[in-house]
Amino acid sequence: MSKHFVPENLPKHLQHYIGGRFVDSAGGETFEVLDPVTNTTYATAASGQQADIDAAVDAAREAFNHGPWPTMKPRARAKVLYAIADAVVAQEDRLAEMETFDTGLPITQARGQAQRAAENFRFFADLIVAQHDNALKVPGSQLNYVNRKPIGVAGLITPWNTPFMLESWKLAPAIASGCTVVLKPAEFTPLSASLWAKIFEEAGLPEGVFNLVNGFGESAGDALVKHPQVPLISFTGESTTGQTIFRNCAESLKGMSMELGGKSPAIVFDDADFDAAIDSTVFGVFSLNGERCTAGSRILVQRGIYDKFVEAYAARAKNIVVGDPHDPATEVGALVHPEHYDKVMSYVEIGKTEGRLVAGGGRPEQLPAGQENGSYVAPTVFVDVAPDARIFQEEIFGPVVAITPFDTEEEALELANNTKYGLAAYVWTNDLKRSHNFAQAVEAGMVWLNSHNVRDLRSPFGGVKSSGLGHEGGYRSIDFYTDQQAVHITLGEVHTPKFGA
Ligand code: NAD
């Protein structure tokens, strides 16, 4: 293996894609994009400003008002969506290489992303074909029906963890619904988003339906959020960014869907299948480099198995293969960017004052040759962590976990609910009653019993408390991107008071 794998024909410059054309920023602004294993610049990207967002929204608005897409029959739209899915799968190897190169995600975990992205397009294609809406009869007087219509230009703002797949979560339902879109991908990882334009063009998506503007949140993202011709914003990112966007959307009362941060608990009771719980809780926090919104990053373990659990968990964490993201043997790669690395490392230092360190605690002892400056962090485990510790309360978004003991089910529930977040929860027990009662009481948008995060695209996705606003998934996504207009038809006489008669 070479010291530093670079995908073939890597673009040196990434442009916006507006109205069917690749363009630079009107004012020529650019920013630099780093790879996470050497932290050196590998490309520049056009940096979107107000004028570029205006141009993209104009193109999307034109395609919405005068293009064929919003009024096409669902079956015809679904055919395009299926072609998009096939084109995504055809790019699987290229996408995985690019994603690994740009994000530091291990190649074996990047490989699944194309299939998952493709599945989103197939799923929403099927949904719109099967879609039916209510017709309601008031005998002898009214027939009422729901006229579902796409809302308009949707602004899609996405984060850098599994960027392509998360973009597909928004692109697929927005486009399936007949909206046109402006995507603003994360500035740390713009590479894989550059694949969309060709995929959409070849699949036959009409010009102007998909537009992409690269750039920073404070400039491109902010201009998109505040644009008066954008009635919808779907955002995935940090909770504090979500708060800013929420405030900015208020001005023009936009529709909002927000998938935000998490500090999800994994609760392991004495009676759990011990080996399965270890496998799952290790995977649940260290997969995707720990840069995972639904990571089970607080593990609560019942006292009877606590010492055994801590010992087994630490042994596994120490054994995790950290290395070159392109090496198929790697289990944890490099963190996405030096800024994020600094944040994660600062929590590792905080953790040393708040818990007992039993694995990791800094950079790995051995780094891949030629990658000594890479953003590598050893899988880090703190135990005996108190609930008021910052590493118990705050999202770290890296390979760092806090383990805390509990005695009773009541105490476990109190600990589980004791953060501002409420995205996911994982419950490990073989007691049927307890598992359901606990799942229903825990403050989390999604709960998995005896499993890590395995998704069913039909079910709601999203968090409660500071983890999100509104749930997408299945028909909920279609509901978000469409308006359900009520049309009332009078069949009988209408009693009308004769004012002024
Ligand atoms: P971030 O909030 O820093 O950025 C997300 C996106 O928002 C980026 O494209 C950024 O440019 C943009 N942005 C930033 N400021 C903006 C502003 N003022 N106006 C408009 N756009 C702005 O998040 P991140 O660091 O890229 O991603 C990590 C976070 O995302 C974590 O908190 C993670 O939990 C969360 N996340 C949540 C889910 C979920 O489904 N709940 C999924 C993945 C990631």
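G217 counts as partly exposed, because its relative accessibility is 30%; here buried means under 20% relative accessible area, exposed over 50%, and partly exposed in between, with a 1.4 Å probe and protein chains only. This is a predicted model, in which local features need pLDDT of at least 70 and side-chain atom pairs count only at pLDDT 80 or more, while totals for chains, interfaces and linings use all residues. Residues are numbered from 1 along each chain as its sequence is written, and side-chain values use heavy atoms, with hydrogens and water left out.

Let us stay with G217 for a moment. G217 is found in helix α7; helices (H or I, at least four residues) and strands (E, at least two) are DSSP runs, numbered from the N terminus. Leaving aside residues up to four places away in sequence, G217 touches K184, E187 and D222, where contact means heavy atoms within 4.5 Å. If you look for Q91, you will find that G217 and Q91 are 28 Å apart in space, C-alpha to C-alpha, and 126 residues apart in sequence.

From here we can turn to the ligand. At L260, a polar backbone atom is 2.8 Å from a nitrogen atom of the ligand. In total, 30 residues surround the ligand, and the closest are K184, E187, T241, L260 and E395; a residue is near a molecule or strand if one of its heavy atoms lies within 4 Å of it.

What does helix α7 pack against? Helix α7 (residues 217-226) packs with helix α8 (residues 239-250) at an angle of about 40°, their axes 8 Å apart. Axes are lines fitted to C-alpha atoms, for helices over the stretch in contact, and angles run from 0 to 180 degrees between N-to-C directions. On the α7 side the contact is made by D222, V225 and K226, and on the α8 side by I245, N248 and C249.

C249 leads us to the cysteines. C249 is buried, because its relative accessible area is 1%, whereas C293 is partly exposed at 21%. A disulfide is a covalent bond between the sulfur atoms of two cysteines. With a disulfide taken as a pair of cysteine sulfur atoms within 2.5 Å, the count comes to zero disulfides. For C249, the nearest cysteine sulfur is that of C179, 15 Å away.

Next come two loops. Most residues other than glycine have a negative phi. L253, however, has a positive phi near 45°; L253 lies in the loop between α8 and β12 (255-259) and is exposed, with a relative accessible area of 76%. N450 also has a positive phi, near 55°. N450 sits in the loop between β19 (446-449) and β20 (468-469), and is partly exposed at 33% relative accessible area.

Our last stop is Q109, in helix α4 (residues 107-130). Is Q109 buried or exposed? Q109 counts as buried, because its relative accessibility is 18%. Beyond residues up to four places away in sequence, Q109 touches S287, L288, N289 and E331.

Key. A polar contact is a pair of N or O atoms within 3.5 Å; within protein, one must be able to donate a hydrogen and the other to accept it, and residues adjacent in sequence count only if both atoms are side-chain atoms.
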